[in-house]
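This report goes through a single protein chain, from its overall build to selected residues. Please keep the sequence and the model at hand while reading.

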Amino acid sequence: MTPRSAIIEPTETAVKTIFAHTDPADVAAQWDQVADTLAASFPKVAAMMDEAKADVLAFTAFPRTHWQKIWSNNPIERLNKEIKRRADVVEIFPNPAAFLRLATAVVIEAHDEWQVTRRYLSEVSMAELRKVIADKQAAAEPIAEQRQIA
């Protein structure tokens with residue numbers, strides 16, 4: 001029997017190559033290549049990759065500068081760590097609702113902090129995103145007009 005690490009490490013490396021590309025078409029092509037490579041050994045994984053492609057690669061519709069922030073889960077991990085830290089201070093909760101109140105308070109506090117002091121995406125990158133959206137809408141308008149004529 002093959003050790004688990006002998007299977008996981010090459011598979012993980014292959015999947016990481018998908019996200020190393022900087023062009024949306026290259027990302028999609030690499031996704032397909034990795035899925036095809038895995039199909040022989042792991043047909044269920046290849047089928048899952050085919051089903052999930054649109055969802056997983058949705059980040060490529062955004063400007064390149066947003067990609068890493070979109071696929072990163074660091075803010076969620078940071079929030080979970082803060083909830084755990086505060087729960088460890090309290091140690092014992094009388095009921096599940098007490099824990100839920102604490103977790104909700106932490107989330108509300110984090111939300112207020114992000115609204116006032118922190119910006120996950122800068123104004124410059126958001127302006128770039130607005131431009132991309134406007135360009136896509138402008139490109140879609142002639143197509144919509146042609147459909148109405150037909």
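**Basis**

The model is predicted: local features need pLDDT of at least 70, side-chain atom pairs count only at pLDDT 80 or more, and totals for chains, interfaces and linings use all residues. Residues are numbered from 1 along each chain as its sequence is written, and side-chain values use heavy atoms, with hydrogens and water left out.

**Overall build**

The chain contains seven helices and zero strands, and its order of elements from the N terminus is α-α-α-α-α-α-α. Helices (H or I, at least four residues) and strands (E, at least two) are DSSP runs, numbered from the N terminus.

The radius of gyration of the chain is 22 Å, whereas a compact globule of 150 residues would have a value near 15 Å. This radius is taken over C-alpha atoms, and the globule rule is 2.2 Å times the number of residues to the power 0.38. Along its principal axes, the C-alpha trace spans about 65 × 55 × 30 Å.

Of the 150 residues in the chain, 17% are buried. Buried means under 20% relative accessible area, exposed means over 50%, and partly exposed lies in between (1.4 Å probe, protein chains only). Of the contacts between residues at least 6 apart in sequence, 53% join residues at least 24 apart; contact means heavy atoms within 4.5 Å.

In soluble globular proteins, nonpolar side chains tend to be buried together. Here the largest nonpolar core has 10 residues: I18, V27, W31, V34, A35, L38, M49, L57, F59 and W67. Helix α2 (residues 24-39) gives the most to this core, with five residues. A nonpolar core is a set of buried Ala, Val, Leu, Ile, Met, Phe, Trp, Tyr and Cys residues joined through side-chain atoms within 4.5 Å.

One of the core residues, A35, is in contact with A46, M49 and D50 when neighbours within four places in sequence are left aside.

**The loop between α3 and α4**

H66 lies in the loop between α3 (43-56) and α4 (67-71), and T60 is found in that loop too. H66 counts as buried because its relative accessible area is 1%. T60 has 16% relative accessibility and therefore also counts as buried.

For T60 they are P24, V27 and W67. Two of these T60 partners, V27 and W67, are listed in the largest nonpolar core.

**The largest pocket**

The largest pocket holds about 280 Å³ of space. On a 1 Å grid over the protein atoms alone, a pocket is an open set of points where a 1.4 Å probe fits, with protein on both sides within 12 Å along at least five of seven lines; lining residues have an atom within 4 Å of a point. Grid points are joined across faces, edges and corners, and the volume is the space filled by probe spheres set on the points.

The lining has 13 residues, of which L79, E82, A110, E113 and W114 lie nearest the centre of the pocket. Helices α5 (74-90) and α6 (96-116) each supply at least two lining residues. The most comes from α6, with seven residues.

By class, six lining residues are nonpolar, one is polar and six are charged. Ala, Val, Leu, Ile, Met, Phe, Trp, Tyr, Cys and Pro count as nonpolar, Asp, Glu, Lys and Arg as charged, and the others, Gly among them, as polar.

Helix α5 holds N80 and I76. The loop between α5 and α6 holds E91 and I92. E91 has a phi near 70 degrees, a positive value in a residue other than glycine. E91 is exposed, as its relative accessible area is 66%.

| Pair | Sequence separation | C-alpha distance |
|---|---|---|
| N80 and A103 | 23 residues | 9.0 Å |
| I92 and Q115 | 23 residues | 31 Å |
| I76 and D50 | 26 residues | 27 Å |

N80 is partly exposed because its relative accessibility is 46%. I92, at 68% relative accessibility, counts as exposed, and I76 is exposed with a relative accessible area of 55%.
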